[in-house]
Every structure is written in C-alpha cells, then in structure tokens.
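Visitor: I would like to go through this model and hear on what grounds each term is applied.
Guide: Then let us look at it together.

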Amino acid sequence: MHGDTTDTVMRRRIAFVVFVVIALLAIDPSLFRIALANRAAMHAAMTHYPDRGWDAYPAFLEQVRARTKPGESVALVIPAMRWDGGYSYAYYRASYFLAGREVLPLVDRDDVPQPGNFARAKYVAAWRRDVQPPMRVVWSGDGGTLLER
Amino acid sequence: MAALGLGFLYATGIIYFVEFALAVAGIRWNVWNVTLPALVMAIAAIVIGKPRFTRLRFTLVDILTCVSVATYALYATIARVWEWDFWAIWGLKARVFSEIHTIDWRFLESRWNDFAHPDYPLLLPLNYDYAALIGGGWSDRWLGAFTVAFAVALLLFVRELAARETTPLIASTITFAATAFALSGFIGLAEAPLIAFAGAGILFLRRAILFDDMRAMRHGAVLAGLAACTKNEGIALLVTITIALALSKRHLVWRFWPAFALALPWIVIRMLHRLPTDLARGSFATRVLHRAPHLGAASMLLLRNLNAPGVWAALLAGLLVAPHALRVRERFVLLVFVLQVAIYVVTYLGTPFNIEWQIATSWPRLTAQVATPLLVVVMLMLARTLAPEHRPEDDLAHAEARPDY
C-alpha cells in the first residue's frame, strides 16, 4: 500500500464492497426454498400450472388426440368465443396437445367469426358447449364432445 | 472445464444444422441419419480443435455454485415444462415437427399459427426433436434439463475464463455471481441457450481483442452465429457485435464472418417461405416516430420491469468505481451491452402490440440475455481495482499459454 493516495485506498475499499455485494445479490433464496420444499406437492402444482381454471381441458384434448389422426382438421368450440376472453388460451393449448392435426380457430384475434374454418374442419371439439347436429358424436366425456362431420 | 461446456454448446449447434439440412433436403429424420452425421462432425471438430481438459483449483465458493445449480436443476425438472412460451412457441414447434420427423413448413406458413412466431430460429426446437428421436417419441417431462445444461455450459466457461485472469477465489466468486443471470427463470424457453451462446461468444471475442487470441476469435464468431440460430435477438446481436468490433479493434471485423455464415441459412429459408415477423406488420418506422416523444415514459416502464434491480444497481456502481483505464480496456463488452439494449428499446418503440404489455412480458427476459458478460467484466474490473499490481499485461502470459478450448 506504500505510495497509495487516500483516494486510491478509498476506491479499493468501495470496489471490495461492491464486489461482495454483487456476489451476495446473486444468492437466490427461492432456489434454496425449492430444495427444501415438498417435491410431490410442487410437481402436482407445476403440472397443473398452465391449465389453472381449466383443469379438465388437457384430459379432454388428450382424448380428442386419441380419436383423431395426424393431418386431420379440428375446429374448436368453447364457452368464451372471444380471443382475449379465453379463446386464445384454448386454441394455443389445443394446438400443442393436438400437434400433427390442423387445429382451426373459429374466431380470430379481432374476435371476427371464421365460419370458413367451421365448414372446413372434419371434426369439431366442443368443450363445455353444445353443438347442434347434423354431426356425428364420436366421443363425449371430460367436459366436452368430439363431433365428426 | 470450458471444453466440457463448449462441447455441449457445439453439439446442440451440430444437431441443429444436421436436422435443418435434412429437412431442407426433404429427408425425414431418424435416429441414425441425424446421429451419424452429427458424430462425424463432432469427431472432426475434436480432431481439428484438440480440446484439452485442465484441472482448476476449486474453492468453497464453487460448492455454493454447485448447490445453486443443483437446486435450480430440481426446479427446472420438477414437472412437464409449464411455461406459456414453451407450449405456445418453442415446445409447440418441436412437437409439431416431431410428429412428421421434419420441419412442418405448412404449419409455419399457416396464418392461424402466427402466434407461434414462425420466423423464430429453430436451434432449440430441433434439439428438442432430437431428444424425442432418441427417446422414441415426444415427451416434455424432462426437457427442462436442456435449460439447466445450457446454464451449466456457460458457468463452466465463465469459471475457466475468470481463472485465467485472476485468483481461484475471485474466479469462483465471479462464477457464483454469474448464476444471477445464467440460471434463467424461464424454463424450456430459448433464453437459456441464447444467454449461453451470447455470453460465451462475447467473452471469447473479448479475449480475442485483449490478447490477440485468434483461437478465441473463431470460437466467439461461431458461438455468436449459434446465438443467431437461437433467437431473433441473436441475429440483432451480430450487428451489435460487428459495430462494437469496428469501434474496438477494426481489423477483427472481417474475422467475424463465420457468425453471419451460420445465421444465413435460416434467414434465407424463412424469406423463401415468407414466414411472418411481428415487427414487419404495418410501418415499423411510423410506430417508432409516433412513440419517440414518449421515450421517457417507456424508460420508466423499463425500469419498473427490470429483473434483479439490485444486481443492476451494483453493476452500475461497479462500473463507476472502476478506474477509467479499465473501462476503456473493456469497452468491447460495454459497447455490445449498450448497443444491444438500444436495439431492444427501439424495437419496443416499434412494436405493433401494446408497449406496456410488450415490456412487461419480455423485458425481464431480455435484460438477462447479454448481462453475464457485463457482470463478468465488471467483477474482473473490480478485482483489478482491488489488486492493481495484477496488471492487464500480466495476462499475456496466460493468453499465450495453450487455452482449455
């Protein structure tokens, strides 16, 4: 430290404090809480996390997937036929579970109905909604119905 | 150590290019036609690169880093990947491609699927597809492990790099601090790979600039190119890095060409398929000009939505405490950071969506993307301020030694 000015010594002290503070701020207490948490309960909570409020919807989509073939088209009907009122979630989620099928929305981002998609779809997956025939009921359960044209 | 991390990063790049080439050639993927060419490329890379594994001196702080990574791994793999952007973008595309064992261009081109951002680069989804090929079918139960692996790859690299420039205790402390950004909270998304590719790439380029290390230059260019194969922000990063190189060490700019060569195939293909980009809707320039007078309000939004504000404040303090000469020395990383953030701000001004929503849903992620190199250089600058007798030129001896990559 010979020859060091007071400013230099002060700068070093501040640098040391800032260095330590950056390292301390990197400690994420939530990670350590996770290590001590009930893993089974967390697993259940995170498994259902994407579908909170729509608990039976994934099971319904899995059943639709089991009864449709890759390449076939499925139109989606749910109670809320407004894009930001739940339809976008239902449509995105259906696109994931029904990967390989062509999932067709019946409203667009601007809530404009898309009757062309309804006419084009081979199947209609109706979740908590009644769809009037003429369509054949392929399967019913888990809160919804799969209909075939 | 760094070689292990780099090995993983390059392996994911190789898998991406093999699957991408097969898809463009109209050949469906199977375990063999992806694995064999990938193995040949990996062996060629090892033979040419001759990586070696040096042993580092570990400290007690390394144990803390390992505990953080272990608990992070527990979190990331607690359940099927739950993030919205996973099942609506990255995982969705991977699952759709997995159904037909190739890239589903019809899906990407459909106007009904623009929510999945068809223009986004495909490195991560194609690696998920390789996992599905190896596993015999699609499963999202353990895909969170990819996020962990990318984070670990970057931390291994940071540990090695820091150890070459400072003491083991400081190097291990810097690595622990780097977990603040390297352990991305966005499981299953392309943030973790982008953070890893961009972080390692920028730090390699820094080495190339400071120590005239052409081996580091090649690694930096390739890793930056892979960042561009991961997210659109990675493509923007290529421009940022080129400008920063031009302002820091101009003669290295042309040596950055591999980055553009790696990014080009996807950019060309997505143009040929006319895959839509959000920002191209309407007039981007008009939106920027319209919102420019409200830059102050936008800046407040950015501050309010800042992830880990304490760390950012401490980094800013560190920058101010460090002597001017060190800031000049590290100007490449500082320039990259500032320019990249500037690009994000302009992008927010030009977004076709509600700017408040756009900032709230993306800014916490974006700020982490190029934060690791900034954190590393700020902490190295502070370490040098603490021990100025360890002068930058002392590093030349390290730099000339055979590096571990």
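Visitor: Leaving aside its neighbours within four places in sequence, which residues is I89(B) in contact with?
Guide: I89(B) touches A116(B), H117(B) and Y120(B), where contact asks that the C-beta atoms, placed from the backbone, lie within 7 Å. This is a predicted model, in which local features need pLDDT of at least 70, side-chain atom pairs count only at pLDDT 80 or more, and totals for chains, interfaces and linings use all residues. Residues are numbered from 1 along each chain as its sequence is written, while chains are lettered from A and ligands numbered from 1 in the order in which they are written.

Visitor: How far apart are I89(B) and H117(B) in sequence and in space?
Guide: They are 28 residues apart in sequence, and their C-alpha atoms are 6.7 Å apart. I89(B) itself sits in helix α4 of chain B; helices are DSSP runs of H or I with at least four residues, strands are runs of E with at least two, and both are numbered from the N terminus.

Visitor: Why is I89(B) called buried?
Guide: A residue is buried if 20 or more other C-beta atoms, placed from the backbone, lie within 10 Å of its own, exposed if 12 or fewer, and partly exposed in between. I89(B) has 23, so it is buried.

Visitor: What does α4(B) give to the contact between the chains?
Guide: The contact takes 37 residues from chain B and 32 residues from chain A. On the side of chain B that touches chain A, α4(B) gives the largest share, nine residues.

Visitor: How does the radius of gyration of chain B stand against the globule rule?
Guide: The rule is 2.2 Å times the number of residues to the power 0.38, and the radius is taken over C-alpha atoms. For 405 residues a compact globule would come near 22 Å; chain B has 21 Å, so the two agree. Chain B has 20 helices and zero strands, and 49% of its residues count as buried.

Visitor: What makes β3(A) largely enclosed?
Guide: Five of the five residues of this strand, 123-127, are buried, so the rest of the structure largely encloses β3(A). Y123(A), A125(A) and W127(A) point one way, V124(A) and A126(A) the other.

Visitor: Which strands pair with β3(A)?
Guide: Pairing requires that DSSP finds at least two bridges between two strands. β1(A), residues 73-77, has four bridges to β3(A), in the parallel sense. β5(A), residues 144-148, is joined to β3(A) by five bridges and runs antiparallel, so by that definition both pair with β3(A).

Terms used. Two residues are in contact if their C-beta atoms, placed from the backbone, lie within 7 Å.
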